[in-house]
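Visitor: I have a model to look over. Can we start with the terms, then go through the features?
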Amino acid sequence: ESEEALAESRQLLSAQARSASQSHTAEAAKLRAAADAATNEADAQRRRGDQLQSQLDGAKQDLSALQRQLDAERDARQASDATNIARLAQLEREAQEARDELASWRARIEQVDGFVLEICQPQFAVVKDETMAPMDPDARNSEKDGFVLVPLHLLLQGYALLPGAKKQSIASKYEAGRR
């Protein structure tokens, strides 16, 4: 009986060992399949990571090129702005000079207008010619010849209004007439 019990025990142990071995083999196969699946998933994730890194590197290159282009455009715009600012300053100076010159000419015109108004006085004496013979007051309206005797201070006022070259021309003619 003891041998029989021993054989039975051995058989039981052997069955348990086979069962455990089969169970471990199945468990090991499951673990190998899970490990293979994890390895495949890790490889897929690595490939996806490499793909994303490649896209990121491309995007960085595109961004860098765009930044260089924007910097070049900004530099060109700044240079253009500086040129435009300098040109605007020059135009403003020229406009101010033109306004100043216009104001000067307006003042001169007002002076000339005032001089003309003072010259055109009906009480000035009118003579026929250089003999200084008086002109008939009734003939003044019909004849265009004759001379008006203008007070010396008005004559000098008009002379002062002339530009330099014209003053010199009148002075030269006066000197030539005195000879």
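Guide: Terms come before features. Helices (H or I, at least four residues) and strands (E, at least two) are DSSP runs, numbered from the N terminus. This is a predicted model, where local features need pLDDT of at least 70, side-chain atom pairs count only at pLDDT 80 or more, and totals for chains, interfaces and linings use all residues. Residues are numbered from 1 along each chain as its sequence is written, and side-chain values use heavy atoms, with hydrogens and water left out.

Visitor: Where do Arg74 and Asp71 lie?
Guide: Both sit in helix α1, 3 residues apart, about one turn of the helix. The term needs a side-chain nitrogen of Lys or Arg within 4 Å of a carboxyl oxygen of Asp or Glu.

Visitor: What else does Arg74 pair with?
Guide: Asp75, with the closest N and O atoms 3.2 Å apart. Shared partners join Asp71, Arg74 and Asp75 into one network.

Visitor: How many salt bridges in the whole structure?
Guide: A search finds 3. One of them links Arg46 and Asp43, with the closest N and O atoms 2.7 Å apart. Arg46 and Asp43 also lie in helix α1, 3 residues apart.

Visitor: Why does Arg46 count as partly exposed?
Guide: Because its relative accessibility is 49%. Buried means under 20% relative accessible area, exposed over 50%, and partly exposed in between (1.4 Å probe, protein chains only). Asp43 is partly exposed too, at 26%.

Visitor: New topic. What lines the largest pocket?
Guide: Phe115, Leu155, Leu156, Gly158, Tyr159, Leu162, Ile170, Ala171 and Tyr174. A pocket is an open set of points on a 1 Å grid over the protein atoms alone, where a 1.4 Å probe fits, with protein on both sides within 12 Å along at least five of seven lines; lining residues have an atom within 4 Å of a point.

Visitor: Which element gives the largest share of that lining?
Guide: α2, with 4 residues. By type, the lining has 8 nonpolar, 1 polar and no charged residues. Ala, Val, Leu, Ile, Met, Phe, Trp, Tyr, Cys and Pro count as nonpolar, Asp, Glu, Lys and Arg as charged, and the others, Gly among them, as polar.

Visitor: Last one. What is phi at Met132?
Guide: Near 70°, a positive value in a residue other than glycine. Most residues other than glycine have a negative phi. Met132 is in the loop between β1 (126-127) and β2 (147-148). At 47% relative accessibility, Met132 is partly exposed.
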